[in-house]
Amino acid sequence: MKNQLVDNFGRSIEYVRLSVTDQCDLRCFYCMPKGFKDFETPEHWLTFDEIERVIRAFGELGTRRVRLTGGEPLVRKQLPELAERLSALPGIEDLSLSTNAVRLAKHAQALKTGGVSRINVSLDTLKPERFKEITSGKLEKVIDGLMAAKAAGLSPIKINMVVMKGVNDDEVEDMVEFCIEHGFTLRFIETMPVGDTGRNASDQYVDLQTVKARLQQRFDLVPGVMPGGGPARYCQVAGTDVKIGFITPISQHFCETCNRVRLSVDGTLYMCLGQEHNFELRPLLRAGISDEELKDAIRHAITLKPHKHEFKEKPDQVIRFMSMTGG
Ligand code: SAM
Ligand code: SF4
């Protein structure tokens, strides 16, 4: 089916990032404040039926790709069941998951069976003590989760590392070696000023161009591409299958090719990670709108998509945390 979702700037929207919860079992300091508990009330969470209905509508409008995210998506009960329902929808060809992997060892096989093909795992350090400082969690669970995902045949497995000055920037080479050893794709991410947490962490911002230059001294990096690679610019480590992506929202933004919107757990469509433009679907869903009206509402929402984020120009703009929108 032809994609019917084209925004006012001619960008085709064919990808939904679906936040199934704003809760998380970690507290990465750049994402969620320690002790934070002000979560969306369960009555406001879209139910699995409501989520399925919205994603079906997107599928009928031409969306091909859905990513389960959060907060930590595996905190939402019965996530593999939701995966199974979404991957069976007409038009949805690619269902993926972003996770911190803390609970992945238990669920990897069920997710794979449920139609999740590939996963992204947040991992900022390979040092247990440092992992605890950054996330308040246990590294060993994440490593177990990663190995279970590999054993379950989830592929590719991409590691997302937010590179921060004086926090973990001394580990970029070690992370490349780790990914070569396990056949994982590695993506470095620049810290974004999303919420107070992200803004505070901006002091540790590292321009990834400098990381790339440093890696080139040790590894032979050849320019490469990654199918479905999104905003990351990829290189390949010569002589290996390992790809390294650089996600550079600050130093080189990629808004002109943005193809996505985000649906939060309370049924709000956010048009941009770095702007407040949004459209609330939950009140309409609960007022009993028809499927056609739902599709009209989604078409209208897409016209609200702003031209670009303004992380550099207006770093104080986005109040909500990354975990609320669905990162
Ligand atoms: N809990 C899952 C996880 O950690 O992968 C999914 C949600 S998390 C919000 C998605 C991604 O957002 C993670 O890779 C995380 O590192 C990234 N993230 C969160 N806050 C960020 C910030 N201020 N700047 C850059 N990336 C951030
Ligand atoms: Fe949780 Fe992911 Fe945010 Fe870390 S980045 S606090 S794992 S939602």
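How many disulfides does the count come to? The count comes to 0 disulfides, a disulfide being a pair of cysteine sulfur atoms within 2.5 Å. Take C235: it is in no disulfide, and the nearest cysteine sulfur, that of C179, is 14 Å away. C235 is also buried, at a relative accessible area of 4%. Here buried means under 20% relative accessible area, exposed means over 50%, and partly exposed is in between, with a 1.4 Å probe and protein chains only.

A word on the ground rules. This is a predicted model, where local features need pLDDT of at least 70 and side-chain atom pairs count only at pLDDT 80 or more, while totals for chains, interfaces and linings use all residues. Residues are numbered from 1 along each chain as its sequence is written, chains are lettered from A and ligands numbered from 1 in the order in which they are written, and side-chain values use heavy atoms, leaving out hydrogens and water.

The structure holds 1 cavity of 30 Å³ or more, and the largest cavity has a volume of about 50 Å³. A cavity is a set of points, on a 1 Å grid over the protein atoms alone, where a 1.4 Å probe fits but cannot get out; lining residues have an atom within 4 Å of a point. Grid points are joined across faces, edges and corners, and the volume is the space filled by probe spheres set on the points. Lining the largest cavity are L26, C28, Y30, N100, S122, L123, D124, F131 and T135. By class that lining splits into 5 nonpolar, 3 polar and 1 charged. For the classes, Ala, Val, Leu, Ile, Met, Phe, Trp, Tyr, Cys and Pro count as nonpolar, Asp, Glu, Lys and Arg as charged, and the others, Gly among them, as polar.

Ligand 2 has C24, L26, C28, C31, G71 and N100 around it, each with a heavy atom within 4 Å. That shell has 4 nonpolar, 2 polar and no charged residues.

On to helix α1, residues 48-60. Its 13 residues should span 18 Å at 1.5 Å a residue, and its end C-alpha atoms are 18 Å apart, so the two agree. The expected span is 1.5 Å times one less than the number of residues. Helices (H or I, at least four residues) and strands (E, at least two) are DSSP runs, numbered from the N terminus. The buried residues of α1 include F48, I51, V54, I55 and F58, with E50 and E52 also on the list. After α1 comes G62, with a positive phi near 110°.

Most residues other than glycine have a negative phi, and most peptide bonds are trans.

P156 sits in the loop between α5 (139-152) and β5 (157-162).

Last, two C-alpha pairs. L215, in helix α8 (residues 208-218), is buried at 0%; its C-alpha is 7.8 Å from that of V172, 43 residues apart along the chain. S98, in strand β3, is buried at 12%, and its C-alpha is 16 Å from that of L86, 12 residues apart along the chain.

Notes. 1 Å grid on protein atoms, 1.4 Å probe; cavity = no way out; pocket = protein on both sides within 12 Å on 5 of 7 lines; lining within 4 Å.
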